[in-house]
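User: I have a model open and want to go through a few residues. Can you take questions as they come?

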Amino acid sequence: MRMIQLLLFKKTNFQEASQKLSSALEELAAYYDNNYLKPNPNKTQVCAFHLRNRDAGVDLNVNMESKRLESCKTPNIWENFR
């Protein structure tokens, strides 16, 4: 079974957003452990959107299971369904 999960945050700067997202992923990891699921950080991507286009493609520093996640400008959410 393939699953797409989306977490959205609104923060005043990208550092706060990265910290909040990392924290949310830690909570999600606990849920996965309790339900015998295993997240795959190799397939997990993070992306920043911003109304000012010059700020939209910033690299976020987000970790999941002690691994830094791939930061991309245009995530391909359907790639895993081919």
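User: Where does S18 sit?
Analyst: S18 is in helix α1, residues 14–34. Helices (H or I, at least four residues) and strands (E, at least two) are DSSP runs numbered from the N terminus. This is a predicted model, where local features need pLDDT of at least 70 and side-chain atom pairs count only at pLDDT 80 or more, while totals for chains, interfaces and linings use all residues. Residues are numbered from 1 along each chain as its sequence is written, and side-chain values use heavy atoms, with hydrogens and water left out.

User: S18, buried or exposed?
Analyst: S18 counts as buried because its relative accessibility is 7% (buried is under 20% relative accessible area, exposed over 50%, partly exposed in between; 1.4 Å probe, protein chains only).

User: What is S18 in contact with, leaving aside neighbours within four places in sequence?
Analyst: L60, N61 and V62, where contact means heavy atoms within 4.5 Å.

User: Switching to N40. Where is that?
Analyst: N40 is in the loop between α1 and β1 (45–46). With a relative accessible area of 33%, N40 is partly exposed. Its C-alpha atom is 8.9 Å from that of M64, 24 residues apart along the chain.

User: And confidence: which element has the lowest mean pLDDT?
Analyst: Helix α2 (residues 53–56), at 68, while strand β3 (residues 67–68) has the highest, 90. pLDDT is the predictor's confidence in each residue, from 0 to 100. The protein's mean is 78, with 76% of residues at 70 or more.
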